[in-house]
Amino acid sequence: LLPGHTVSIMTCGDELYPELWRDLRAARRSITLQLYYCQPGRMADEFAEIITERARAGVPVLFLRDAFGSKPLPDEYFERLKAAGVRIAVFRPTRWWELHKVPQRSHIRVVVVDGHLGYTGGFGIDDKWYGDGRHEGQWRDTTARFTGPAVRQLQATFVAGWAEATGDLLT
């Protein structure tokens, strides 16, 4: 534990997504994302719009998606992101000869903006996280938004996953 952190705790999508979208839109140097759960819908479309706009503006965007948790998104979705300049890697692809590895997923949720602002928690990209989490069909998860030395540790978690998926070590 090190001093120098600021932390905000959000307990539902109504608290999280407006702030996350604002921070992603404000990115100037980099965006790194490792997300387990990504499903088609309004949220996925809004997410794509934001990160493709940032990529087109020249901000490096690296998106590490879990092969299992993001499987319902069509290939066209990822092709659209790549066409805008988003670099995408698949974490632990599912292959028939590696079925024994299927349960070895990474449920990590990492968002780092410009190397100094981080998010982690139980959130994902799916419309069920919109709302206050108190109504049928809405999910409630806790997420932390923070600045300070721990952001480097969150970034290191992303770098380790990216290296496993791509063989590239980010420095």
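## Contacts and basis of the model

A contact here means heavy atoms within 4.5 Å. In the protein chain, residues 24 or more positions apart account for 78% of the contacts with a separation of 6 or more.

The model is predicted: local features need pLDDT of at least 70, side-chain atom pairs count only at pLDDT 80 or more, and totals for chains, interfaces and linings use all residues. Residues are numbered from 1 along each chain as its sequence is written, and side-chain values use heavy atoms, with hydrogens and water left out.

## Overall fold and dimensions

The protein chain has 4 helices and 7 strands. Helices (H or I, at least four residues) and strands (E, at least two) are DSSP runs, numbered from the N terminus. Along the sequence their order is β-α-β-α-β-α-β-β-β-β-α.

The radius of gyration, taken over C-alpha atoms, is compared with a globule rule of 2.2 Å times the number of residues to the power 0.38. For 171 residues a compact globule would have a value near 16 Å, and the protein chain agrees with this at 16 Å. Along the principal axes, the C-alpha atoms of the protein chain fill a box of roughly 45 × 45 × 35 Å.

## Surface and charge

Buried means under 20% relative accessible area, exposed over 50%, and partly exposed in between (1.4 Å probe, protein chains only). Of the 171 residues of the protein chain, 47% count as buried. The protein chain exposes about 8900 Å², and carbon and sulfur atoms supply 53% of that area. Accessible areas come from the Shrake-Rupley method with a 1.4 Å probe; for residues, only the protein chains shown count as cover.

For charges, Lys and Arg count as positive and Asp and Glu as negative, while His and the chain ends are not counted. Each charge is placed at NZ of Lys, CZ of Arg, CG of Asp or CD of Glu. The protein chain has 22 positive and 21 negative charges, and their mean positions are 5 Å apart.

## Helix α2

Helix α2 spans residues 42-56 and includes Thr52. Thr52 counts as buried because its relative accessibility is 8%. Leaving aside neighbours within four places in sequence, Thr52 is in contact with Arg80, Leu81, Ala84 and Val86.

Phe47 is also in helix α2. With a relative accessible area of 2%, Phe47 is buried. Phe47 and Leu20 are 27 residues apart in sequence, and their C-alpha atoms are 9.9 Å apart in space.

## Helix α3

The buried residues of helix α3 (residues 75-83) are Tyr77, Phe78 and Leu81. Seen down the axis of α3, these buried residues fall within an arc of 90°, so they line one face of the helix.

On the face of α3 turned away from its buried side are the exposed residues Asp75, Glu76 and Ala83. Glu79 belongs to helix α3 too, and is partly exposed with a relative accessible area of 46%. Glu79 and Leu35 are 44 residues apart along the chain, with their C-alpha atoms separated by 17 Å. After α3 comes Gly85, whose phi is positive, near 110°.

## Loops with positive phi

Arg92 is found in the loop between β4 and β5 (110-113). Although Arg92 is not a glycine, its phi is positive, about 50°. Its relative accessible area of 30% makes Arg92 partly exposed.

Asp114 lies in the loop between β5 and β6 (117-121). Asp114 is not a glycine either, yet has a positive phi of about 55°. At 8% relative accessibility, Asp114 counts as buried.

## Strand β6

Gly118 is in strand β6 and counts as buried, at 0% relative accessibility. Not counting residues up to four places away in sequence, Gly118 touches Val111, Val112, Ala144, Arg145, Phe146, Val151 and Leu154. One of these, Val151, is 33 residues from Gly118 in sequence and 5.5 Å away in space, C-alpha to C-alpha.

How values were computed
Arc of directions from axis to C-beta.
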